[in-house]
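Let's take a friendly walk through a protein model. Have a look at the chain first, and then we will visit a few of its parts one by one.

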Amino acid sequence: MAIILSRIIWSFFVLFFLNDKRIGTIYLQAGLEEMYDRLRLLISIGVVVLIGSVLVALVLSSRLQRPISQPILALAKTARGIAENKDYAVRVPPQGSDEIGQLTDAFNQLLASIEERDKALLTANESLRQEVVERKSAEDRVQSQLARLELLHRITRAISERQDLQSIFQVVIRTVEEDLPVDFSCICLYEQGTKELTVTGVGVRSEALAMEVAMTKYARVEIDQNGLARCISGQLVYEPDISQSSFPFPQRLARGGLCSLVAAPLLVESKVFGVLVAGRREANSFSSGECEFLRQLSEHVALAAHQTQLYEALQQAYDDLRQTQQAVMQQERLRALGQMASGIAHDINNAISPVALYTESLLENEPLSPRAREYLETIQHAIEDVAQTVSRMKEFYRQREPQLVLVPVQMNRLMQQVIDLSRARWSDMPQQRGVFVKMETNLAPELPAILGVESEIREALVNLVFNAVDAMPEGGTLTLRTKISEGSQTTTPTPVPQRVLAEVSDTGMGMDEDTRRRCFEPFFTTKGERGTGLGLAMVYGIVRRHNADIEIDSAMGKGTTIRLIFPVPATPATESPSTAAPFTIPSRLRLLVVDDDPLLIKSLRDTLETDGHLVVTANGGREGIEAFRQAQERHEPFAAVITDLGMPYVNGRQVAAAIKSMSPTTPIILLTGWGQRLVAEGDIPPHMDRVLNKPPKLRELREALAQCLLSVKS
């Protein structure tokens, strides 16, 4: 089958087969023009219909669009406004009950829901922001508190390393000024008696302001009835604005430009001893945390100051204890020295008694050349000095005894005696070693007399000369100088009296500070085994007993000057005539002398025989008692007995008791090296009519014999 199609003709062929053999063909042909014409007509009709439909649709759609699109556009506009302005309170007007109205209602409900959620979110956000602000503020407060605690720790650590109040106060003030900070800071101490504050420390940055408001160091501030009175009672005082205050202290600070003030009490054991003051130029500028910090700081400062005061008190107590211990040890040394002195005084006095007796006898009875007399007088002065030294060996650093008799002393004459007494030491002995010591004198003319004990002052100067010679082992210049220091008459309320200065200077090795500080201590010496450490100690004791002063000028390698300063009496000192009662020197007395020292016995016998007496001697107490008993039996009684106290086997007390038992009227004179101590202490042995001290003096011995005989006759 085949179909042939052309523009105008339509042809159709069909082939027929039988047993695979073509048996025929059908051919059909038809024309297409008519069909095309109809088709064109139909198409034209369809186009016309389509165009009409479109026109109709356009007309209908233009009329139907307005009620549908306007609500939607209004809804879109509302949505854009809400998106731009974030205002969820806007609502779309209702559009009826149709689909658009339902959409509008749904949109409005959505806006209401969004508005509620927005309000909740804003509330939550505000709450969160407030919480953040509070936490930030709390963090700032914590940081400020930590900073203040760290500052407090630094201040506490700094003041704990110091042991004096001034340095503690300065550390506190400086740190408060720099790190708090403040415009003015000071610390005042409270005086309970005067009810005043005394400025003790002012900050470096506050000095200019302190000058302006008269709050410099040591300035005094009266306690008013405003802040200071409350502060002294133990309260922390904060004045946020002192510019309007009517009280003196705030007004004083306000004049310097300060507006706010904090006064923190320094409180220890419920007692206020000071005030910490801090000020700023701005009003209301101290926070509660800063006020609390200043309160805590004042507590720490008060505690540190109290500990410092305790430390100083403990240190003072320790120093006092150490000084007391040293004084006790020194007193023990002096007591031991006194005991030694008591033990050797008898022997020393026995040894010098013959020299004293023979010297006085020669000066009194023998014709002598001027030179010999001068030598004997020097020996006599030396003996007196030795006797005085022995009697004072246990009396270092004691004030002058009331019974000590002061007489006028001419210092220039005394200086010349010192030169003569010490000549062997500064001239002869150095020359034996090939060393030359030059002696120079510079004595002020018309020097007023002073009151004192001549032998003691002479002994002190001799000791100084000896020390000066020892300080110049290679030789040098030794200078003895006297001068007068004029007193003031008008510049002081109490005029300073005139003073006589006696100086001993050398050009020797000098003293260091430690030696100069300790040189007056007993037993302290720089001479090694050659020194006893008693020379300057005795000098110091003599000076103090005379109410005088002693000064030392010395430097290593430049020599030493020791200066004795004696006050000049208000009324000129004159030598008063002797007030001793006159007596008649007895002669041709029969006397018994009892002692255990052969030299003293011989010297007493020779001296008394020179006065015309008949002298019987006895060596020891037993021999003396036996001699007295035999004389009584022979009816040859003794007019008086002179006996020693310390003798072996039978002492002076036993001798006196035995003699008084045999002859109660026989006077007994006790001649002993302990005489001065016995009289001073009221320990005169019984049966003794008179007590004389060794070495004896002829006048005292003659006076004692005369008074004893007078009492026997009466």
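## A threonine to start with

Is Thr-560 buried or exposed? Thr-560 is buried, with a relative accessible area of 9%. Here, buried means under 20% relative accessible area, exposed means over 50%, and partly exposed is in between (1.4 Å probe, protein chains only).

Thr-560 belongs to strand E16 (residues 559-567). Helices (H or I, at least four residues) and strands (E, at least two) are DSSP runs, numbered from the N terminus. The side chain of Thr-560 makes a polar contact of 2.8 Å with that of Ser-554. A polar contact is a pair of N or O atoms within 3.5 Å; within protein, one must be able to donate a hydrogen and the other to accept it, and residues adjacent in sequence count only if both atoms are side-chain atoms. Beyond its neighbours within four places in sequence, Thr-560 is in contact (heavy atoms within 4.5 Å) with residues including Val-504, Asp-506, Met-511 and Ile-552.

## About the model

This is a predicted model, in which local features need pLDDT of at least 70 and side-chain atom pairs count only at pLDDT 80 or more, while totals for chains, interfaces and linings use all residues. Residues are numbered from 1 along each chain as its sequence is written, and side-chain values use heavy atoms, with hydrogens and water left out.

## A sheet of six strands

Next, find the open sheet with the strand order E6-E5-E4-E9-E8-E7 and antiparallel pairing. Two strands pair if DSSP finds at least two bridges between them. Strands E6 (220-222) and E7 (237-239) stand at the edges with a single partner strand each, so one side of each is left without a neighbour in the sheet.

Strand E5 (residues 196-202) pairs with E6 over three bridges in the antiparallel sense, and Leu-197 stands opposite Val-221 in E6. Helix H3 (residues 165-179) lies across E5 and strand E4 (184-191), running at about 145 degrees to E4. For such values, axes are lines fitted to C-alpha atoms, for helices over the stretch in contact, and angles run from 0 to 180 degrees between N-to-C directions.

## Two helices that meet

Two packed helices are described by the angle between their axes and the distance between the axes. Helix H11 (residues 454-470) packs against helix H13 (residues 535-545) at an angle of about 145 degrees, with the axes 9 Å apart. Among the residues making this contact are Ile-457 and Leu-464 of H11, and Met-538 and Ile-542 of H13.

Nine of the 11 residues of H13 are buried, so H13 is largely enclosed by the rest of the structure. Among those buried residues are Leu-536, Val-539 and Arg-545. After H13 comes Asn-547, with a positive phi near 55 degrees.

## An enclosed strand and a capped helix

Why is strand E17 (residues 590-595) described as largely enclosed by the rest of the structure? Six of its six residues are buried. Arg-590, Leu-592 and Val-594 point one way from E17, while Leu-591, Val-593 and Asp-595 point the other way. E17 pairs with strand E18 (residues 614-619) in the parallel sense over six bridges, and Asp-595 stands opposite Asn-619 in E18.

Finally, visit helix H16 (residues 652-662), whose buried residues include Val-655, Ala-656 and Ile-659. Helix H15 (621-633), strand E19 (640-643) and strand E20 (668-672) are among the elements covering the buried residues of H16. Asn-651 caps the N-terminal end of H16, with a side-chain oxygen 3.1 Å from the backbone nitrogen of Arg-653.
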